[in-house]
Amino acid sequence: MIAHLFNAPLGESEAAVGVGTVGSSEAIMLAGLAFKRKWQNKRKAEGKPFDKPNIVTGANVQVCWEKFARYFEVELKEVKLRDGYYVMDPEKAVELVDENTICVAAILGSTLNGEFEDVKKLNELLTKKNQETGWDTPIHVDAASGGFIAPFLYPELEWDFRLPLVKSINVSGHKYGLVYAGIGWCIWRNKEDLPDELIFHINYLGADQPTFTLNFSKGSSQVIAQYYQLIRLGYE
Ligand SMILES: Cc1ncc(COP(=O)(O)O)c(C=O)c1O
């Protein structure tokens with residue numbers, strides 16, 4: 001349901017790729033890890049160094065991105081804010097991208113003022129840079145605070161998987177009320193964007209259970225409450 005809400009390019013019977021998490025912080029750790037691993041695998045295959053990954057964000061990012069960078073040893077390259085402009089400038093972000101950039105993270109609903117960053121412009125500029133350099137730097141959208149607003153209030157706004165470079169999106173279920181705290185989501189564009197080696201297949205209860213989360217056990221009440229709201233309220 002959420003992958004469709006974010007316009008993931010899925011065929012009729014194709015399963016969406018995603019995971020329920022404790023919140024956006026965990027979702028972002030996992031998304032970042034997938035980008036890092038994908039970038040490293042590509043660099044290894046090309047016989048190039050893979051020890052200096054970086055990620056480009058605006059200086060307005062929530063602390064979870066700083067945590068991701070520090071915990072997973074990725075250099076954080078922040079686009080500075082300036083007087084009268086308090087989100088990531090896509091032009092400046094693309095200038096910071098180099099061959100070691102695992103992704104550019106844009107925010108839909110900046111923590112500081114709620115403003116949406118211009119993901120469409122970022123996609124446009126990055127596509128051009130990728131064409132010129134031969135890199136294929138992707139985009140992640142941190143839609144913690146906007147992912148369950150934009151599809152309903154601004155359906156025409158292109159910020160999600162309609163943009164080809166957007167490979168993963170996170171959203172916090174618990175930022176909108178109507179659910180219990182402790183629910184977030186990460187959705188990937190498709191299977192290729194989540195390296196298989198990060199998914200563990202366990203069978204403790206008699207059937208295959210793929211798992212890609214930091215914690216293993218958690219309550220299901222949050223998932224059930226979120227599911228109920230989506231079914232009960234639908235688009236309205
Ligand atoms: C843009 C953004 N990203 C990530 C987070 C972290 O979300 P969570 O509290 O669900 O881990 C927040 C929370 O304030 C946020 O505003």
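Which residues form a nonpolar patch on the surface, and with about how much accessible area together?

## Surface patch

Ile-149, Leu-153, Tyr-154 and Leu-157 form this nonpolar patch, and together they have about 360 Å² of accessible area. Patches are made of residues with over 30% relative accessible area and no salt bridge, where like charges are joined within 9 Å and nonpolar side chains (Val, Leu, Ile, Met, Phe, Trp, Tyr) within 5 Å; the areas come from the Shrake-Rupley method with a 1.4 Å probe, and for residues only the protein chains shown count as cover. Leu-157 lies in the loop between α6 (150-153) and β6 (166-172), and its relative accessibility of 34% is why Leu-157 counts as partly exposed. Buried means under 20% relative accessible area, exposed means over 50%, and partly exposed lies in between, with a 1.4 Å probe and protein chains only.

## Basis of the model

The model is predicted, so local features need pLDDT of at least 70 and side-chain atom pairs count only at pLDDT 80 or more, while totals for chains, interfaces and linings use all residues. Residues are numbered from 1 along each chain as its sequence is written, and side-chain values use heavy atoms, with hydrogens and water left out.

## Sheet and packed helix

An open sheet of mixed pairing is formed by 7 strands in the order β1-β7-β6-β5-β4-β2-β3. At the edges stand β1 (17-21) and β3 (75-79), each with a single partner strand, so one side of each has no neighbour in the sheet. From one strand to the next, the twist averages 20°. Helices (H or I, at least four residues) and strands (E, at least two) are DSSP runs numbered from the N terminus, and two strands pair if DSSP finds at least two bridges between them.

Strand β2 (residues 54-58) and strand β4 (residues 101-107) run parallel and are joined by 3 bridges; Val-56 has Val-104 as its bridge partner in β4. Helix α2 (residues 24-45) packs on the sheet, where it touches β1, β4, β5 (139-142), β6 and β7 (184-188), and its direction makes about 165° with that of β6. Such angles run from 0 to 180 degrees between N-to-C directions, with axes being lines fitted to C-alpha atoms, for helices over the stretch in contact.

## A buried asparagine

Asn-123 is placed in helix α5 (residues 119-133), and it counts as buried because its relative accessibility is 9%. Leaving aside neighbours within four places in sequence, Asn-123 is in contact (heavy atoms within 4.5 Å) with Ile-139, Leu-163, Pro-164, Leu-165 and Val-166.

## Salt bridges

The whole structure holds 13 salt bridges, each defined as a side-chain nitrogen of Lys or Arg within 4 Å of a carboxyl oxygen of Asp or Glu. In one of them, Glu-197 pairs with Arg-37, with the closest N and O atoms 2.9 Å apart. This pair links distant parts of the chain, 160 residues apart, with Glu-197 in the loop between β7 and β8 (200-202) and Arg-37 in helix α2. Glu-197 is partly exposed at 44% relative accessibility, and Arg-37 is partly exposed at 27%.

Lys-121 and Glu-91 also meet in a salt bridge (3.6 Å, N to O), which links helix α5 to helix α4 (residues 90-96) across 30 residues. Asp-160 forms a salt bridge with Arg-162, the closest N and O atoms lying 2.8 Å apart; Asp-160 is buried at 1% relative accessibility, whereas Arg-162 is partly exposed at 33%.
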